[in-house]
Amino acid sequence: MTASAETPSSGSSRSSGSLLYDPKVRSIFFQVALILAVLLFFGWIVLNTMANLRARNISSGFDFLGNTPGFQTVTTLGTYLMDVSGRAITYLDVLKVGLINTLLVAVLGIVTATILGFVIGVFRLSNNAVLYGFSTVYVELLRNTPLLLQIFFWYFAALRAPWVPDARGKVSFFWDNFHFNITGLYGPYPLPQTGFGATLWALVIGLILTFVMRWWAKKRQDATGKQFPIFWGAVGLILGLPLLVFLLTGAPLRWEAANFVQEGPVLRRGFQKGEGMLIIPELIALWLALSLYTAAFIAEIVRAGILAVNKGQTEAAHALGISQSKNLRLVVIPQALRVIIPPLTSQYLNITKNSSLAVAIAYPDFFSQVQISLNQTGRAIELIVIAMLVYLTFSLITSAIMNYVNSRMKLVER
Amino acid sequence: MALRHLLCGVMAVGFGFAAVSTPASAQTSGSTLSAVKSKGRLDCGVSQGLPGFSNSDSAGNFTGIDVDLCRGVAAAVFGDPSKVRFRTLSAKERFEALKSGEIDVLSRNSTWTMTRDTQLGIIFAGVNYYDGQGLMVPASLGVSTAAELDGARICTNTGTTTELNVTDYFRSHGMSFELIAFEKTDEVGAAYEAGRCDVYTTDRSGLAAERLKFADPEGHVVLPEIISKEPLGPAVRQGDEQWLNVVKWTHYAMLNAEELGISSENVDQIRDEQAGLVSQGQGNQEIQRLLGLGDDFGAVLGLPKDWAYQVIKQVGNYGEVYEANVGPDTPLKLARGANALWTNGGLQYGMPVR
């Protein structure tokens, strides 16, 4: 470090005095020195840890990720997408399965918590005593009990409900297409046939055309003042166009129904593994608990956001002759969203992180897969580092998306 | 949650550092036996509630074969089996509690494995109960052997050898299965009882104990197959052979007593009979050695001469302890099986006192 400071000063040929007293050079020197010190510190920690692990004959390194784990993971979206059956899997696969399962429950939870939270939040502002009372009780009850307790409640409530048949029985609904029993919710699984790709392309084209249409409609409105029914246009392009293509290509999609067997060996009866779509009760309980719990927080955020919009805004809108529904859509909600979005981001991050409670009810999310691997391999440091990096990445991506939305929504200052 | 487990990770590293100092401190702090004697009680690590092995009633009285082994050690050291303080430990805490000196002996249905004997700084003193992993199913399924379990949904604990054993077993028999692994034992039992899975798997003694917690214990059957070896026994710290011997020979004394037909009921009578014969150079030499009538086998352990007599008199022989806690007349109804004496075709074998 001293050498780096002396080198530039000795080689100096500038006439503006000694480099030693140049504030710019000095600040660069101290910044480089600080970075070096931080790097040395972390390097020392890593080397020290490795030396100590070696001294204690504790194996370290990431080579275990290629080893074969001696256990099996319950069938979920993760095991389906990773196609773990019938081949030798590795610890890396085990972690990937967990990753997919965490993303699944986080996305599901975010969508339902947002919808439910907005509805409950609006109820909280309602003049209707029943709606107000219900939403108040809902928020206070769910916000003030621990999430882990709620997860257990929904899980065992679902398993022990008297109307849930056992593994060899079923209750069917929606014209015998969907069924449930204690082992989960079963439904038909879509199997795309040849030619289905055209429908997907139609969807992509529909999305692009929607953006073009929006741009054109705005331009036309700016020029002529005429409005165009953008919503129905979008429905037609995004839903109608792919549907048309789908029907024209001869509906190339087959539905694989869940297979329910009533004969044969007793443990082979019931729904057959790998046929149809299965949602396991652990996922349902976790999804329900995360959504309902977080919705209580989101409801309060929504209520605060709407209350933050001054009543004068509505009155001004009415004075301009803007209708009640347009007032809500164009005046109140855009302003409320400015208040809502930043705390909403925190709630989305919370859902992702809280999903690690899944281990309590045997849902194989990322953290439970990390924990099982940790117990079986003993690579505590490596696995905790992986887990931290993964959750950090999830959180940063969520934040980035929400910050983008926020920047679109915030007040445009001139 | 993530933070909590991060802390666990940090603590695990911390324990790693602590492990360096453990052997050094064990050498300098002297023998466990003299430490136990000077504090006047034995600190014994037991489970958090496993009927038959270690379980406490509402009044705080502990019962079980793991508990009685500790009482036996206390009887050998102090002549008083009540001088034990029981510490309930979770599976995660148990080995750290022993290594740190918080307890003197770990008697907590722990499986004797090579890893534990060689890498944790502890050593097993014997096998108090020969166990094996078993499979339990609801009687209503009408299943009688494990071969009929193709397609079963199985509930178990995560991160245990149980999970690995059952996967091995089903894969090597070419049977399909679905493994649902919970973090805690209570949830395994609750999910199985609710019908989420067809099979509950853990150690066979554990199955018998867990079954007692069910609403209808008779409605479940344990299948005859044993899919792994689970020798459960007491463990002590490495580097203190004297203390290892005290625990080991207490266990052997209880086994030898059963083999010689000495129980807590007849020990006084037998001792009186043999005491009269010692001076004549007659009688059963084995019994005389065990009961401290002949040569002194207590001093070599650092114990009183009548150490084994106290164990038998105040706690009982192995058979008595077994019958009282886990045997066919108890709620657990476990037959002796592998835990019968070697003379009866079992595996329990007390090394000779001579």
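The pLDDT is the predictor's confidence in each residue, from 0 to 100. This is a predicted model, in which local features need pLDDT of at least 70, side-chain atom pairs count only at pLDDT 80 or more, and totals for chains, interfaces and linings use all residues. Residues are numbered from 1 along each chain as its sequence is written, while chains are lettered from A and ligands numbered from 1 in the order in which they are written.

**Stop 1: the complex, coloured by confidence**

The predictor assigns the complex an ipTM of 0.76 and a pTM of 0.75. Helices (H or I, at least four residues) and strands (E, at least two) are DSSP runs, numbered from the N terminus.

Select chain B. Its mean pLDDT is 86, and 91% of the residues score at least 70. Which elements of chain B have the lowest and the highest mean pLDDT? The lowest belongs to α1(B), at 42, and the highest to α3(B), at 96. Next, select residues 1–29 of chain B, where pLDDT stays under 50. For this stretch the model has 30 contacts beyond four places in sequence; two residues are in contact if their C-beta atoms, placed from the backbone, lie within 7 Å.

**Stop 2: the overall form of chain B**

Chain B contains 13 helices and 13 strands. Along the principal axes, its C-alpha atoms fill a box of roughly 70 × 50 × 40 Å. A compact globule of 354 residues would have a radius of gyration near 20 Å, and the 22 Å of chain B agrees with this. The radius is taken over C-alpha atoms, and the globule rule is 2.2 Å times the number of residues to the power 0.38.

**Stop 3: α3 and α12 of chain B**

Select residues 65–78 (α3) and 307–314 (α12) of chain B. These helices pack at an angle of about 135 degrees, with axes 8 Å apart. That angle makes α3(B) oblique to α12(B). Axes are lines fitted to C-alpha atoms, for helices over the stretch in contact, and angles run from 0 to 180 degrees between N-to-C directions. Angles under 35 degrees count as roughly parallel, over 145 as roughly antiparallel, 65 to 115 as roughly perpendicular and the rest as oblique.

The crossing of α3(B) with α12(B) is right-handed: a crossing is left-handed if the near helix is turned anticlockwise from the far one by less than a right angle, and right-handed if clockwise. Show side chains for Gly72(B), Ala75(B) and Ala76(B) of α3(B), which meet Trp307(B), Gln310(B), Val311(B) and Gln314(B) of α12(B). By class, the residues of this contact are four nonpolar, three polar and no charged. Ala, Val, Leu, Ile, Met, Phe, Trp, Tyr, Cys and Pro count as nonpolar, Asp, Glu, Lys and Arg as charged, and the others, Gly among them, as polar.

**Stop 4: where the chains meet**

Display both chains. The contact between them takes 38 residues from chain B and 39 residues from chain A. On chain B, the elements that each supply at least two residues are α1 (2–28), β9 (152–157), α6 (161–172), β10 (177–182) and α7 (185–194). The largest share of this side, eight residues, comes from α1(B). The side of chain B that touches chain A has 19 nonpolar, nine polar and ten charged residues.

**Stop 5: chain A**

Select chain A, which has 13 helices and eight strands. Its C-alpha atoms fill a box of roughly 85 × 75 × 50 Å along the principal axes. The radius of gyration of chain A is 29 Å, whereas a compact globule of 414 residues would have one near 22 Å. The mean pLDDT of chain A is 85, with 93% of the residues at 70 or above. Confidence is lowest in α1 (residues 2–10) of chain A, at a mean of 46, and highest in α9(A), at 94.

**Stop 6: two helix pairs of chain A**

Select α9 (residues 281–307) and α11 (residues 324–354) of chain A, whose axes come within 8 Å and cross at roughly 155 degrees. That makes α9(A) roughly antiparallel to α11(A). The residues of this contact divide into 15 nonpolar, five polar and no charged.

Finally, select α12 (residues 366–377) and α13 (residues 380–409) of chain A, which pack at about 170 degrees with their axes 9 Å apart. The pair α12(A) and α13(A) is therefore roughly antiparallel. Among the residues in contact are Phe366(A) and Phe367(A) of α12(A) and Leu383(A) and Ile386(A) of α13(A).
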